[in-house]
Amino acid sequence: MADLENLDWKNLGFSYIKTDFRFIATYKNGSWSQGGLVSENVLQLSEGSPVLHYGQACFEGLKAYRSQEGKALLFRPLENAKRLQTSCERLLMPKVSEELFLRACAEVVKANQKWLAPYKSGASLYLRPFVIGVGDNLGVKPASEYLFIVFCAPVGAYFKGGIEKGGARFITTAFDRAAPKGTGGVKVGGNYAASLLAHKMATEQGYDDCIYLDPTTHTKIEEVGAANFFGITHDSAFITPHSPSILPSITRKSLMVLAKEHLKLKVEEREILVDELGAFKEAGACGTAAIITPIKEIAHNNKSYSFEAPGNITKQLYDLLLSIQQGEQEAPKDWIFEVG
């Protein structure tokens, strides 16, 4: 257990810290249990569990923020619930209802209130809901039993080159994150196992992470490590990649709304060729963990592209998003879920 009294909220990284409670529900005989909170953070699984051999696992990530009034606010949890259902369907796992998902997240936040970061500390309470296939099994087939679990941990910036630290550096990789008609569009564990080597190679070269190109032609930007990509053109348009093998980021989806409706920018979701990176004055990685991390450099085929980090528009989007997440500014409908 981390020492809560001496937690340096302003300098937290993105790492596991054991908190007091997590929520567990089980799926047996065709239905999910009511589920409830437990204090133990160790699971006991059958050695035949499909999650261990065949990767039958999917997960989500969302954050709770403390408002100025001390309330706990979840950002767009219904979107996470829907995306988890899509991932479950892809792996032939039973869907977790929106009601069960929201209740589990709310119970975990309430039970771990003391781990909720102080208002404007730069930190938040990260929630990790996941579903895994368990039980005695040997052949390649879906599990007969499942676990749905939500745990939480206080976190800071995912990338060290965050919004206040001059931006992050990335390099393209020859490895693919996902196959053209594979599981790239859902949040399943195997996608991340496949990314470990490319990430290691990028960091060994001094970069923060790698950039994945489209698996068919290797000419288009797809994902930035475990985050989505966006760029701001010299005429201030917000451009983000479109591809069936990109995980649809809830943060990116939100930024597209904010860029269009609040900053009145032209917004496009389309293919982005690596060779057109010079058309952008700003670039960023976005996602629940990354929030918005400005990109200051992208290296590709011995060529380097530089960007303002953070650029003016990236900073405006970051400030706007955070003000909504922390309850300072009125949010669009169903974006903020107050934990009672």
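1. A disulfide here is a pair of cysteine sulfur atoms within 2.5 Å. By that rule the model has 0 disulfides. The sulfur of Cys152 lies 9.9 Å from the closest cysteine sulfur, in Cys105, which is too far for a bond. Cys286 is in no disulfide either, the nearest cysteine sulfur, that of Cys210, being 16 Å away.

2. The model is predicted: local features need pLDDT of at least 70, side-chain atom pairs count only at pLDDT 80 or more, and totals for chains, interfaces and linings use all residues. Residues are numbered from 1 along each chain as its sequence is written, and side-chain values use heavy atoms, with hydrogens and water left out.

3. Salt bridges (a side-chain nitrogen of Lys or Arg within 4 Å of a carboxyl oxygen of Asp or Glu) number 19. Glu99 pairs with Arg103, their closest N and O atoms being 3.2 Å apart. Both residues lie in helix H3 (residues 98–111), 4 residues apart; helices are DSSP runs of H or I, at least four residues, and strands runs of E, at least two, numbered from the N terminus.

4. Arg177 and Glu223 form a salt bridge at 3.4 Å, N to O. This pair links distant parts of the chain, 46 residues apart, with Glu223 in strand S11 (residues 221–224). Arg177 is buried at 9% relative accessible area, and Glu223 is buried at 3%; buried means under 20%, exposed over 50%, partly exposed in between (1.4 Å probe, protein chains only).

5. Lys266 and Glu268 meet in a salt bridge of 3.5 Å, N to O. Lys266 is exposed, at 53%, and Glu268 partly exposed, at 25%. Salt bridges link Lys266, Glu268, Arg270 and Glu276 in a network.
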